[in-house]
Amino acid sequence: MRPALKTCFVVNYIAIMEYKMKVDEPSLSMDNYHLILEPCWELVCKVFDNYLDTHMDCPINLADFGTCEGQTFLPFLKLVVGHIRRSSKLQEIVVTLNDQYTNDFNALTRNIKAFQREMDDPLLRMCIIPGNAYRHCLPNSSIDLGICSFVVQWLSEPINLDKHLFYIPDWMDFLIARSMEMKKGSFFLANIPIGSQEVLSILNDVFHQLYEKNTITEEDLRNTSIPIYIFRTEDELKGPFEERREELGLQLLHISRRPVKLYEHKGIVSSLKSWMYYSFETGLSKTRRTQEVQEICDTYFQNLEHRFSDWKWLDVFIADVLFQKL
Ligand SMILES: C[S@@+](CC[C@H](N)C(=O)[O-])C[C@H]1O[C@@H](n2cnc3c(N)ncnc32)[C@H](O)[C@@H]1O
C-alpha cells in the first residue's frame, strides 16, 4: 500500500480543481513578463502586423486568459497598444482579461486602473470576464489577438492519471473554446510550462515524509493533491491541430521550447508556496482544524526550504504555441 500512496500527491490528480493564489504570500507575483511574454514579442508582431493592416476600420479585441493580477500581461499589452497606435490613432482597442472565479479580481482591477492611468488612452477599453478558460467564455468571433500564459498546466477536472495516463482532454477543450471565440484570421499565443520530474519528486517526497513521521494520516495523503500537469510533449500539443484541424478550424503556426530559470531572485519556496498552499489547505482541511492545517503547512514549507537551500532557481521549459483561426 505504501508505495502506491507515495505517488498519490504527484500522480493521482484528484479532488481539488481550483487554482488560487495565496495572496498574503510574497507571491509568485506574476511579474514574469520578461521571462514569459517579452521573448515572444517578435513572433507575435511578425504575424499580427499584416492582420492589423487589414483591420483598420473596426475595434481591435485583445484577450488574456488566466491573467491573475495582470502583471505578466499588462507590460505586453503596453507594447501591443503602442504598436497599434503607431499606425492607427483612432482605433478602439478593447481588452478582455479573464481568470477563474476564485481569482483576486480586486487586485486585478487596481492594476487595470493604474495601467489605464499610465496609458492615458481614451480609446482603450478594458473589461474583466471571469470564467473557466476551458469553456467558451468570450463572445463568438470576438478575439483578434489572444494570449494565455502559464495557465493550461492547471487541469480543469479531477483526473486520475493512473487510468487516463495518455488522455487529458483539457488542451483540446481549451482549443475548442478559443476556436469559437477567435475571429477569422486572428492569432493566439499560449505559453505552457513544462517542468522537471526531479522537482515534483522533491515536492512529493517531502510531503510523504510528513506521513512517515505520523504528522499526517493516510487520509490526508489521499485528500491532498495538486491538479497540475506539466509534462506535455510537443506531440501532445500538436495533436489537436493535426488530428482535428478541420473541426477546430485552427492552424498551428509555430511551436518551440525554450529553457527558463524559474523563480530566480524570487525565493523558490515562497514562490512554490504561493500556488501550492491553497491545494494543501483544501486537502488537509477536510479532516483538520485551521490551526493544525497551518502548522502542518508551515512544517512542510520549512522542510522544502531545507531541500531547496542550494538551489538558485528551478529549470523548466516554456513551450510557445502560436496558432491562427482559419
Ligand atoms: C501561474 S498563474 C499565471 C498568471 C499569468 N497568466 C501569468 O503569466 O503571469 C495561473 C493563472 O491561471 C488561472 N487559472 C487556472 N485555471 C484556470 C481556468 N480553468 N480558467 C481561467 N483561469 C485559470 C489561475 O487563477 C491563475 O491566475
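## Helices α12 and α13

Helix α12 covers residues 268–284, and helix α13 covers residues 290–307. Their axes come within 10 Å and cross at roughly 145°. Axes here are lines fitted to C-alpha atoms, for helices over the stretch in contact, and angles run from 0 to 180 degrees between N-to-C directions. Helices (H or I, at least four residues) and strands (E, at least two) are DSSP runs, numbered from the N terminus. The crossing of α12 and α13 is right-handed. A crossing is right-handed if the near helix is turned clockwise from the far one by less than a right angle, and left-handed if anticlockwise.

From α12, the contact uses Val269, Leu272, Lys273, Tyr277, Phe280, Glu281 and Leu284. From α13 come Val293, Ile296, Cys297, Tyr300, Phe301, Leu304 and Glu305. Two residues are in contact if their C-beta atoms, placed from the backbone, lie within 7 Å. By class, this contact has 11 nonpolar, no polar and 3 charged residues. Ala, Val, Leu, Ile, Met, Phe, Trp, Tyr, Cys and Pro count as nonpolar, Asp, Glu, Lys and Arg as charged, and the others, Gly among them, as polar.

## The model as a whole

This is a predicted model: local features need pLDDT of at least 70, side-chain atom pairs count only at pLDDT 80 or more, and totals for chains, interfaces and linings use all residues. Residues are numbered from 1 along each chain as its sequence is written.

The protein has 13 helices and 9 strands. Of its 326 residues, 34% are buried. A residue is buried if 20 or more other C-beta atoms lie within 10 Å of its own, exposed if 12 or fewer, and partly exposed in between; C-beta atoms are placed from the backbone. Take the contacts with a separation of 6 or more: residues 24 or more positions apart account for 88% of them.

## Two nonpolar cores

A nonpolar core is a set of buried Ala, Val, Leu, Ile, Met, Phe, Trp, Tyr and Cys residues joined through C-beta atoms within 7 Å. The largest has 48 residues. Leu62, Leu77, Cys148, Val151, Leu189 and Ala190 have the most contacts inside it. Leaving out residues up to four places away in sequence, Val151 touches Phe65, Gly66 and Ala133. A second, separate core has 16 residues, among them Tyr263, Ile268, Phe280 and Val293.

## Helices α7 and α10

Helix α7 (residues 170–181) packs against α10 at an angle of about 40°, with the axes 10 Å apart. That makes α7 oblique to α10. Angles under 35 degrees count as roughly parallel, over 145 as roughly antiparallel, 65 to 115 as roughly perpendicular and the rest as oblique. This crossing of α7 and α10 is right-handed. Trp171, Met172 and Leu175 of α7 meet Glu236, Leu237 and Pro240 of α10. The contact of α7 with α10 has 5 nonpolar, no polar and 1 charged residues.

Arg232 sits in the loop between α9 and α10 (234–243). Arg232 counts as buried because it has 20 C-beta neighbours inside 10 Å. Not counting residues up to four places away in sequence, Arg232 touches Ile192, Ile194, Leu237 and Ala319.

Asn214 is in the loop between α8 (197–212) and α9 (218–223). Its phi is near 60°, a positive value in a residue other than glycine. Asn214 is exposed, with 7 other C-beta atoms within 10 Å. His265 lies in the loop between β8 (250–262) and α12. Phi of His265 is near 65°, also positive in a residue other than glycine. His265 counts as exposed, with 7 C-beta neighbours inside 10 Å.
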